[in-house]
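Dear colleague,

Please find below the structure that I am handing over to you. My notes on it follow.

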Amino acid sequence: MADPQGFLNNRERITQTRRPVPVRIMDWKEIYEAQEKGVLKSQAGRCMDCGVPFCHQGCPLGNLIPEWNDLTWRDKGQEAIERLHSTNNFPEFTGRLCPAPCEAACVLGINQPAVTIKQVEVSIIDEAFNQDWVHPLPPARLTGKTVAVVGSGPAGLAAAQQLTRTGHTVAVYERDEKIGGLLRYGIPDFKLEKESVDRRVEQMAAEGTRFRTGVEVGKDMGWEDLRRRYDAVVVCTGSTVPRDLPIPGRALKGVHFAMEYLVQANRSVSGENSVGTGESLGGEAVQIHTRGKHVVILGGGDTGADCLGTAHRQQAASVTTLAIGAQPGAARSVAQPWPTSPNLFEVASAHEEGGVRSYLASTVEFVGENGVLTGLKIAETEYLHGRRVPKVGTERVIAADLVFLALGFTGPESAQLTHQLPVTLDSRANINRDSHYMTEREGVFAAGDAGRGQSLIVWAIAEGRACAAAVDRFLMGETFLPAPVSPSDSAIRL
């Protein structure tokens, strides 16, 4: 146990300070300031080391949270990062991006604010990188087996690193110019600076993982051809088909999927060529930019918040976020008791920076002139026969130069995969796999959002690790790699 009196003497939950809004919206750097060492230790000391640590169940990776809280409190940083890395390949990603279901399951959270688990996690890995405690771990021997991992998001990278370290020769195929997938091109720098991705890629390359960028499997190379070249293939292409809103006016210029906007913005920040998927003006494609424009975001989740923060930094004239449902409560409802992950009203960093948030707002029509968006017709949402529908008589039009659809994703881009391999999809348009992550095509596995559907980064890493164990067993007949989750596992829910 860390501090036996910690949760009694320190009842206040103190998280990292965010940089002042007027300062941070002037750049793209991460918003958080470093936590003061003494405060961090006192927060880690609030961990109770309870008899049954439900945080283990809340975290799909099974992170040894009480152990590294104790080591942080005792100022044993090297031992803490060893414990953290034993279950999580990339704590710098989860510590920044995960919504922390472990904290929702924290036993202390029954009658006090939960331990700041996520903050302790990211502090451990940041110190480890700063102190040069993170080194490549190449295998002691090679097995002679080869594996192709398609997709370089968190699931693909986790699977590749586990398989490389166990001695297989692994090549990661990525259709974009750089490795990282959603981490690089979907997440804004103010949440995850790309140095975090680069240094992990460097570590993996030093361990022996090979990277093949600019190769789209299914087009540049056939799926069956890839399977013949390698002893096993792992599909980690993510859930990238955006959910559309097919209402009148959808074809107007100015209506975009959220990821179309975010990818362009991330490429621009990194200095990459970002032009090519924007509006066409005079036959020439231009980048989507919000400077001086009235922006409306449909969808109140993380992707919508990322659009909001990006629009602020591009100096939009106004930003309005519309959600079709009701505003969540500020505290757990009786229908979402501990240790489930409750649906709570959250104020992300982007919401602190400005903009209007409206709930129970249904979009009826995109309004425009001469093929160009000028506004949205919206109405209040009402519930009829269990469905959310626009309330008749409440329609009104709000001004909009740009609309971003942040309505989630419906599954992976699977047409080429299912056409070229005997692979099928489930009822939710995700790739079918058995209890060992294998598809109908022997030797072809699927992990992460491509098989699970849109989910959390922590689930992607957990699936990547578990799928790596399944691949290793397929190739070698046995495995010593950990498998934290099975394909059918899900979060703690009622």
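In these notes, buried means under 20% relative accessible area, exposed over 50% and partly exposed in between (1.4 Å probe, protein chains only). This is a predicted model, in which local features need pLDDT of at least 70 and side-chain atom pairs count only at pLDDT 80 or more, while totals for chains, interfaces and linings use all residues. Residues are numbered from 1 along each chain as its sequence is written, and side-chain values use heavy atoms, without hydrogens and water.

Ala159 lies in helix 10; helices are DSSP runs (H or I, at least four residues) numbered from the N terminus. Ala159 has a relative accessible area of 0% and is therefore buried. Gly464 and Ala468 are in contact with Ala159, leaving aside residues up to four places away in sequence; contact means heavy atoms within 4.5 Å. Between Ala159 and Phe211 the C-alpha to C-alpha distance is 13 Å, with 52 residues of separation in sequence.

A nonpolar core is a set of buried Ala, Val, Leu, Ile, Met, Phe, Trp, Tyr and Cys residues joined through side-chain atoms within 4.5 Å. The largest one has 69 residues, and those with the most contacts inside it include Trp68, Leu183 and Phe445. Helix 19 (residues 457-476) gives the most to this core, namely 13 residues. Another core, of 18 residues, lies apart from it and has Ala171 and Leu417 among its members. Leu183 touches, beyond four places in sequence, residues including Phe93, Pro154, Lys194 and Ile457.

Yours sincerely

Notes
Helix = DSSP H or I, 4+ residues; strand = E, 2+ residues; numbered from the N terminus.
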